[in-house]
Amino acid sequence: MLITRLVLTADHFRQWLIAQLVFLLLTILKLFPADGAIRFMDRAARFIGPKTSRHKLTLTNLRNAFPEKREAEIEAIAMESWGNMGRMAAEYVFLDRLFDFDPEATKPGRVEVSGVPLFLELRDNPRPFIVFTAHSGNFEMLPVAGSAFGLEVTVLFRPPNNPYVAEKVFEFRKERMGNLVPSHAGSSFALARQLERGNGVGVLVDQKFRKGLKTKFFGQDVQTNPLLAKLVRQFNCEVYPARCIRLPGNRFRLELEPAIDIPRKPDGAVDVNATAQVLNDKVESWVREYPGQWLWYHDRWHIKRYL
């Protein structure tokens, strides 16, 4: 019993210490102009990322996804992906300042939005709907945009493993992104309640799900979370793709696309497996367009066990 307590105490202290170091770094970043801090974190991540064990997984994922690309291209995409991750860390600190979209502005700002009429349509004609996105660009900006347009969307998110970091992240997100639902065993019921009330929900669909549906992603077998497809089957709601694209000069374009066509069986019921595949196909098309803006260090294909 004593040894168990000592081990747990040591682990809690380790996580607390890591959290304090993260908070210190973010506090220091806030002392600098946003553009300089973002560029610094880009360079830092490009330096540190390749020295971690995740870099081998990143390169393997890229080689499997793009067998036609030369090794130099694979390396370049991997470095851009690490830089994207570093930028996201810095952008967390400046998120309030970065989102400056103004539909009345005569000059373009840091953020441009494609699909404004859809935002307004969903806001002005309330109905249940689902918005899905992927870990591409700064995907955290999408719920901020929804909130800025007065569009209430309940967002499902996966908290960081570190409980001290998770608490701070949740507080930060809640202030800027509206209603949040941490991903856990009962999260599907929370999302279902929102759809029952005629509200919208937002989900990430490119995460590995061990008990998911068997689908394809970049031509390889993956397991996809059936949650979105099952919610569509239950509530017959519209589904909208949305993404964030990084632009030169620390700028962003947020895109809300028209609703996708939901595959159905001959009897008219939603085809859950086919819907999950449609989601994968959409995300794959995004990633192929901007491969360096996706987080390739995720073990999406469950291959880490072979490395």
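**Burial, pairing and overall form**

Analyst: In this predicted model, all five of the five residues of strand 2 (residues 129-133) are buried, so the strand is largely enclosed by the rest of the structure.

User: Which residues of strand 2 point one way, and which the other way?

Analyst: Phe129, Val131 and Thr133 point one way, while Ile130 and Phe132 point the other way. Residues on both sides of strand 2 are buried.

User: What makes strand 2 and strand 5 a pair?

Analyst: Two strands pair if at least two bridges are found between them. Strand 2 and strand 5 (residues 200-204) have five bridges, in the parallel sense, and therefore meet that criterion. Within this pairing, Phe129 stands opposite Gly200 in strand 5.

User: How many bridges join strand 2 to strand 8?

Analyst: Four bridges join strand 2 to strand 8 (residues 238-247), and the two run parallel.

User: Why is helix 7 called largely enclosed?

Analyst: Six of the eight residues of helix 7 (residues 141-148) are buried, so the helix is largely enclosed by the rest of the structure. The buried residues are Met141, Leu142, Pro143, Val144, Ala145 and Gly146. Just after helix 7, Gly150 takes a positive phi of about 75°.

User: How do you know that Cys237 and Cys244 are buried?

Analyst: Buried means under 20% relative accessible area. Cys237 has a relative accessible area of 6% and is therefore buried. Cys244, with a relative accessible area of 1%, is buried as well.

User: How many disulfides does the structure hold?

Analyst: The structure holds zero disulfides. To count as one, a pair of cysteine sulfur atoms must lie within 2.5 Å.

User: What does UniProt list for residues 15-33, and what does the model show there?

Analyst: An unreviewed UniProt entry lists residues 15-33 as "transmembrane region". In the model, the chain over residues 15-33 is 79% helix and 0% strand. The end C-alpha atoms of this stretch are 29 Å apart.

User: How do you know that the radius of gyration agrees with that of a compact globule?

Analyst: With 307 residues, a compact globule would have a radius of gyration near 19 Å; the protein has 20 Å, so the two agree. Its C-alpha atoms fill a box of roughly 55 × 50 × 50 Å along the principal axes.

User: What proportion of the residues count as buried, and how many helices and strands are there?

Analyst: Of the 307 residues, 49% count as buried. The protein has eleven helices and nine strands.

Note on methods: Residues are numbered from 1 along each chain as its sequence is written. This is a predicted model: local features need pLDDT of at least 70, side-chain atom pairs count only at pLDDT 80 or more; totals for chains, interfaces and linings use all residues. Side-chain values use heavy atoms; hydrogens and water are left out. Buried means under 20% relative accessible area, exposed over 50%, partly exposed in between (1.4 Å probe, protein chains only). UniProt positions are given in the numbering used here, feature names are shortened, and annotations may be inferred rather than shown by experiment. The radius of gyration is taken over C-alpha atoms; the globule rule is 2.2 Å times the number of residues to the power 0.38.
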